[in-house]
Amino acid sequence: MPVDILVGTQWGDEGKGKLIDVLTGDVDMVVRFQGGNNAGHTVEIGSERYVLHLVPSGIFRPGVRCVIGNGLVVDPIALVEELEGIRARGIAADNLELSDRAQLIFIYHKRADALNEKGAVRKIGTTGRGIGPAYCDKMRRSGIRGCDLCKPEILSAKFRAEAARYNKIFAEAGAELIDIEKELALVLEAAAKLAPLVRNTAYTIAQAVKEGKKILCEGAQGGLLDVDHGTYPFVTSSNTISGGACTGAGIPPTAVRNVYGVIKAYTTRVGEGPFPTELFDADGELLRARGREFGATTGRPRRCGWFDAVASRYSCMLSGVNKLVVTKLDVLDEFDEIAVCTAYEIDGVRTTEFPAAVEDLEKVKPVYEMMPGWKTALDAVTSADQLPENARKYLARMAELIGADIEIISVGPRRDQTFKA
Ligand code: IMP
């Protein structure tokens, strides 16, 4: 069974891009299966830093086939820009396929995203990329898809109809209207560039599975942002857990072998929503500064807090994580003591289960266990046996609380700052 899935286990930004890049050393194909350009996967190679939003992180490895699966919402103009940006830096980026079933994001989705946020009783703090509205259109069955990029007349008719529908909504809200023909011209220009990439990628993947090729599915965001299982309504609009790879790429569950769960040694979140272990003090500031915790897509400062074993265990359970990848361990280097949340107290009742209701999550009092810090710089550590004892104890406690083995440890942003546990 050649398919492995890699997912984020928290609220995104766990360092998946780098890990995918490290793991793609011996894979044949990298597949994205959900989300869109709300994701921002940072890959550092030597002194170069790349931020990918839609293109799978395998793009830097020559010979690795990259697939944008049916489960994504793809902004065609943003995809063309991203590809041109990568090519401008000397990377061929010619080994890419786009699913004919992927949903497309247009300007009206982005405008609707902004409008929803403006009028919302409870702002979600979206990335503003039109992700939610595009998934809404998918479910209301009026979405425009990858296959339409290959047929300019059909694309134009569908775009005009949908843009007109949105213009009515914008008019009612007193918002600016879309200049339909001007926007359509931009869409058609991007479509002409992307049409040669469009395929039924489920067949591409099935053929690769048949040939025993190694396939890595690259999750975006994290399990706690899953639309079904996360901190609803403060979630993204797709299934971010590993099961999303089956529906979002057309991969049968029987083809899946390992699930890698990427987990930061502490916790961060961008946007609104409950975050039980969030820190508002100097410790939080230190995490943000040392971890360079600013959004890769929006540049927003990330909220920072201690490792939350209740939330992470739940997310790893849902994804069936059997290989944990701990990132950013070095960010904890300067702390005398490190707190780990082992349970929640809600209205005086202790639980280790992750609640559904946002109202309960907002009331959580984290139950902390204190662990001694290691007060040693880890950024030059190259193997697990070089880790200080307290760092090893911390990792062992993380693994125990989650109930999965740690496979890989990362102590810095570069490819060479990663080693086997
Ligand atoms: P949307 O995905 O733009 O609709 O945003 C919904 C929520 O998911 C917001 O809280 C975003 O900040 C969050 N989100 C979306 N993409 C990412 C990501 O790649 N990393 C972290 N948070 C994300």
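**Pockets and ligand site**

The largest pocket has a volume of about 760 Å³, a volume being the space filled by probe spheres set on grid points joined across faces, edges and corners. A pocket here, on a 1 Å grid over the protein atoms alone, is an open set of points where a 1.4 Å probe fits, with protein on both sides within 12 Å along at least five of seven lines. This is a predicted model, in which local features need pLDDT of at least 70, side-chain atom pairs count only at pLDDT 80 or more, and totals for linings use all residues. Residues are numbered from 1 along each chain, and side-chain values use heavy atoms, without hydrogens and water.

The lining of the largest pocket comprises 41 residues (those with an atom within 4 Å of a point). Ile124, Thr126, Thr127, Val235 and Thr236 lie nearest its centre.

Around the ligand are 16 residues, each with a heavy atom within 4 Å of it. Asn38, Thr127, Thr236, Val270 and Arg300 come nearest.

Oxygen atoms of the ligand lie 2.8 Å from an N or O atom in the side chain of Asn38, 3.1 Å from a polar backbone atom of Val270 and 3.0 Å from a polar side-chain atom of Arg300. The protein covers 97% of the 470 Å² of accessible area that the ligand has on its own (Shrake-Rupley method, 1.4 Å probe).

Finally, the second largest pocket has a volume of about 540 Å³ and a lining of 27 residues, including Arg49 and Lys328.

Methods
Polar contact = N/O pair within 3.5 Å; in protein donor to acceptor, adjacent residues only side chain to side chain.
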